[in-house]
Amino acid sequence: MQLRRSFALTAAALALTAPALTSCGFDYATDRYYTPANGANNRDGAVDVLGAVVVSTEPGSGTFIASLSNNSTTEPATFTELGATEGGDVTAAEFEPVEIAPGALVNLAEPPADIQVTGEFEAGDFVEVSLGFDNGENTVVEVPVVDNHGYFEGLDGEPLPVEESAETESSH
């Protein structure tokens, strides 16, 4: 009888502690967002900036691409400006404001918003940009500059032929 009671208590204690002993704990990588992509993300504001990159065919110019997700389910948001942060030298050409419906996502690559940027950068660099919205918020994101090839091909005009881009890279 004593053996059964001891076994039952041990089994019950093990059953109660098993979840704690087998869990990952708190604030582990499995609890965080993971986006396997080249682009940068910022989820701090009313509008999430997702997969942001500058696609560049040649050094000093490119096209800003990102997905913008409006977190409000009742109010639209409008992406109105793109510029450099303090000390940065990225300049964006004027573009048509992009409205983001409540709870919606807008991909600036489809259809192309054609947001052209210039500055001292080339593929492989990171540039810090500030996105301005009509609600007064500014979101700062450090975005990678990627080649106009592969997944990003055609997003910054026509890509350079492979021979030309190889010559350009070898001259650096």
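**Around strand β9**

Strands here are DSSP E runs of at least two residues, helices H or I runs of at least four, numbered from the N terminus. Before I go on, this is a predicted model, where local features need pLDDT of at least 70, side-chain atom pairs count only at pLDDT 80 or more, and totals for chains, interfaces and linings use all residues. Residues are numbered from 1 along each chain as its sequence is written, and side-chain values use heavy atoms, with hydrogens and water left out.

So, the neighbours of β9. β4 and β9 run antiparallel, joined by 5 bridges; two strands pair if DSSP finds at least two bridges between them. On to β10: β9 pairs with it over 7 bridges, also antiparallel, and there Gly132 stands opposite Asn138. The two form a hairpin with 4 residues between them, and Gly136 in the turn has a positive phi of about 95°.

Why do I call β9 largely enclosed by the rest of the structure? Because 6 of its 8 residues are buried, meaning under 20% relative accessible area with a 1.4 Å probe, protein chains only.

Now the inside. The largest nonpolar core has 26 residues, and Phe64, Phe79, Leu82, Leu131 and Val143 touch the most other members. A core like that is a set of buried Ala, Val, Leu, Ile, Met, Phe, Trp, Tyr and Cys residues joined through side-chain atoms within 4.5 Å. β4, β9 and β10 are among the elements giving it two or more residues. There's also a second, separate core of 6 residues, including Ile65 and Phe152.

Terms used. Buried means under 20% relative accessible area, exposed over 50%, partly exposed in between (1.4 Å probe, protein chains only).
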